[in-house]
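Here are my notes for your next look at the model. Please read them with the structure open.

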Amino acid sequence: MKIAWFSPLPPKKSGIADFSRNVLTYLKKFSKLILFVEDYWPTESLARDCLVFQYVEKSRINWRLLEQVEACDLVFFNMSNDFRFHSYAYELLLRYPGIVILHDYVLQFFYAGYYLIEKRNFSGYVEKFKELYALDLITTYPVADGRTVILNFLKKIYVDHSILWYPMNEEIISKASALVVHSDFALQNIKKKFLSKLVVKIDLPYTLPEETLVSLQSNPYSFSVPKDRPKLIAATFGYVLPNKAYELVFKVLQSNSMLQKHMEYWIVGGTFFWYNIHSLAKKYKLQAIVKIFGYQEPEKVQEILSCVDLCIALRDPTMGETSSSLLNQMLLSKPVVVLNVGWYAELPNPFVFKLNPESAEKELEEILKMSLFNRSELIKMGNRAREYVLAHHTPMHYAQKLMEVGRQFNEMINKKID
């Protein structure tokens, strides 16, 4: 079977590139792969045994390459919220439908980035929004310039959690021949609106390279933390954004002097000028125990992670996202705290600590206090988490399921033709 694969690939620094690297390693064993990339070449090891086509030349799609796409048995488009890596694939999808692997249920920020930054076309976003929801943002939220309208609107629906009312995924879903999603949350919400669309859920795979797992087992990292440090170290990883609920953690730490004395909270990830995490830590007078690392290369992240006792991976609001970084943490036997919402609620109870949104602060405080005095329970939870990921979230399992979806889709097409 010949498969066309549209996705960012290494050396691009993207979670979807890491996802594709791991899945393609196994997918190429079952099929002949044609990798469609923009205007760069993927790493040599990934491209081995595959055909590679650059479908973007001088910031334009080379539409002649559609002949190569049409010769394939299956076409997969990977789509996420990051316009930097999916804008050209989106434009191609509008003209040549394929199976969409939908990595984010909410695509608001893809469209905002595509129109406001990529195309410098503020009215394009307004028109697309009106097309999807019959709502004119300019007349509903009148201010001097269109860009401010859009940014204010995005901030509003983000803060008041109404962003799920306007996911802006409808166009891509309608254009897709079929959909692959990674959560029951996305599956059920899409099925409500698109009754006849073929939508299949496959469990998201971890994205740590296989060689990294082997090297970690034989040569564990030695980060610059004293071996005999008695303090509990909790950490949150990934881009520093307000929906990571840092303020919830800060409130718990501020209210409990024992936690302040016996633990540290590390924040590891790239920051944005419009969300000042340093000021927030200062507001709660936690500078002494909150350590903010900023962006770190993947190897350094793993090194830091090796010293962490407990990972805190909260999302408030959730936008239906899944998290390969959380799976990576679990794979490395790290116990994880999540909020009981969206995809995170779908993780089985024995393998993560879950907080109910209505009592999250109180429950987090109890988990942190337990962690101080019962490290053995953290180790048990981490070991259970690792076994769960290895049983349900491997790249090989994902590739096998993807081939099943492909065959199912082709059978449906052939029946329609007959």
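**Notes on the predicted model**

1. Start with Lys-193 and Glu-170. Their side chains meet in a salt bridge, with an N to O distance of 3.3 Å. The pair links distant parts of the chain: Lys-193 belongs to helix 10 (residues 184-193), Glu-170 to helix 9 (residues 170-175), and 23 residues separate them. Keep in mind that this is a predicted model.

2. How buried or exposed are the two partners? Lys-193 is partly exposed, because its relative accessibility is 45%. Glu-170 has a relative accessible area of 12%, so this residue is buried; the cut-off for buried is under 20%.

3. Next, look at Asp-184 and Lys-201. A salt bridge joins their side chains at 3.7 Å, N to O. Asp-184 sits in helix 10 and Lys-201 in strand 9 (residues 199-201), so the bridge ties together parts 17 residues apart in sequence. Asp-184 counts as partly exposed because its relative accessible area is 33%. Lys-201 is also partly exposed, at 30% relative accessibility.

4. Glu-377 and Arg-384 form another salt bridge. Their closest N and O atoms are 3.6 Å apart. Glu-377 has a relative accessible area of 23%, so it is partly exposed. Arg-384 is partly exposed too, with 31% relative accessibility.

5. One group goes beyond a single pair. How many salt bridges does the whole structure hold? The search finds 18. As background, side chains of opposite charge can pair when their charged atoms come close.

6. Now turn to Asn-62. This residue lies in a loop, between strand 5 (60-61) and helix 3 (66-70). Asn-62 counts as buried because its relative accessibility is 13%, and the limit for buried is under 20%. Which residues does Asn-62 touch, leaving aside neighbours within four places in sequence? They are Tyr-55 and Glu-57. With Glu-57 there is also a polar contact between the side chains, at 3.4 Å.

7. Finally, check the nonpolar surface patch. Tyr-239, Phe-272, Phe-273 and Trp-274 make up this patch of about 530 Å². Phe-272 is placed in the loop between strand 11 (263-268) and helix 14 (277-283). Its relative accessible area is 33%, so Phe-272 is partly exposed.

Notes:
Residues are numbered from 1 along each chain as its sequence is written. This is a predicted model: local features need pLDDT of at least 70, side-chain atom pairs count only at pLDDT 80 or more; totals for chains, interfaces and linings use all residues. Side-chain values use heavy atoms; hydrogens and water are left out. Helices (H or I, at least four residues) and strands (E, at least two) are DSSP runs, numbered from the N terminus. Buried means under 20% relative accessible area, exposed over 50%, partly exposed in between (1.4 Å probe, protein chains only). A polar contact is a pair of N or O atoms within 3.5 Å; within protein, one must be able to donate a hydrogen and the other to accept it, and residues adjacent in sequence count only if both atoms are side-chain atoms. Contact means heavy atoms within 4.5 Å. Patches are made of residues with over 30% relative accessible area and no salt bridge: like charges are joined within 9 Å, nonpolar side chains (Val, Leu, Ile, Met, Phe, Trp, Tyr) within 5 Å. Accessible areas come from the Shrake-Rupley method with a 1.4 Å probe; for residues, only the protein chains shown count as cover. A salt bridge is a side-chain nitrogen of Lys or Arg within 4 Å of a carboxyl oxygen of Asp or Glu.
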